[in-house]
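Subject: Structure handover

Hello,

Here is the structure for you to look at. My notes follow below it.

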Amino acid sequence: MKPQILLAAKVPPFLVEALAQRYIVHDMLAQPDPGFVDRVAPQVRAVVANGESTITADFLARLPAVELVSVFGVGYDGVDVQAARQRGIQVTNTPDVLTDDVADMAMALLLAVARKVPQADRYVRDGQWGRAAFPFTRKVSGARLGIVGLGRIGSAIAQRARGFGMHIAYTARSRKDGIDYPYYPTPRDLAEQVDMLIVSTVGGPATHGLIDAETLRALGPQGILVNIARGTVVDEDALVEALATKAIAGAGLDVFASEPRVPAALASMDNVVLTPHMASGTLETRTAMANLVLDNLDAHFAGRPLPTPVP
């Protein structure tokens, strides 16, 4: 008999179809009955989640036969990994395959904010060209860029920024061996030294509110913030205040604290570019992510080493 899995998140239809060919799939989001999970729980051997899923110890406790949580995404901060490991449950994610797309999106947001691309688009569409002068924008090439978190994605952002002749510095939990970029021990220290700040660190309790009011003040009235990490890493109330009072110049945001809800204040601001958590959302990358989810599931049930267990 095919192993039974619980689909606990929205994933692309092509992944759902591939899962259904290999496994018996119980889609909890498609079931309005609150008792559905408990009915199928004794047979469920794996859970497929995504980067925004919340898989708590209590939820795992309802699944006595579960052996694996396979996350469609690089972030797994919503999964209680410690609770899973205490029960011998393995956890996997989909790193590397989305690095380029997320790094590309970080630079796209930075350019969109600095060069006022959305505003310029509206200016042309509204027939303002030739009637009123479009304001000067901000140069990105040669600017000082700070990166919060120099992991896979942060390093890929730095690689792209070098192509723009940017002066790069970073902060992380510790200094990275073999990295020549200037290191600052805190985001505030980094923000004081740069013109633009890109957040690419992990989410979770350890980084909750890491970019706070003090850091935003240090970034300064000409500063630009870009967040492609997790919405919780930035103190959203402090960010709204900083943008409203011009304590910083602008922001590009792909992630938010309570997705898909976006604060009305952010949506109303002309110095903010908003995107719907789409940094990894290319067909090529989402296909590669789906294949990696399948590879992890297939390896587990075949007794082979997992391709991408979480560290």
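Does Y183 count as buried or exposed at 17% relative accessibility? Y183 counts as buried, because buried means under 20% relative accessible area, exposed over 50% and partly exposed in between (1.4 Å probe, protein chains only).

This is a predicted model, in which local features need pLDDT of at least 70, side-chain atom pairs count only at pLDDT 80 or more, and totals for chains, interfaces and linings use all residues. Residues are numbered from 1 along each chain as its sequence is written, and side-chain values use heavy atoms, with hydrogens and water left out.

Aromatic rings

Rings of Phe, Tyr and Trp (its six-membered ring) pair if their centres lie within 6.5 Å; planes under 30 degrees apart count as stacked, over 60 as edge-to-face and the rest as tilted. By this rule there are three aromatic pairs. One of them is Y123 with F134, edge-to-face because the centres are 5.1 Å apart and the planes at 65°. Y123 is buried at 15% relative accessible area, while F134 is partly exposed at 26%. Y170 and Y183 form a tilted pair, 5.3 Å centre to centre with 55° between the planes. Y170 is buried, at 0% relative accessibility.

Strands

Helices (H or I, at least four residues) and strands (E, at least two) are DSSP runs, numbered from the N terminus. Two strands pair if DSSP finds at least two bridges between them. Strand β10 (residues 250-253) runs parallel to β9 (residues 224-227), joined by four bridges, and A251 is the bridge partner of L225. β10 also pairs in the parallel sense with β11 (residues 272-274), over three bridges.

Regards
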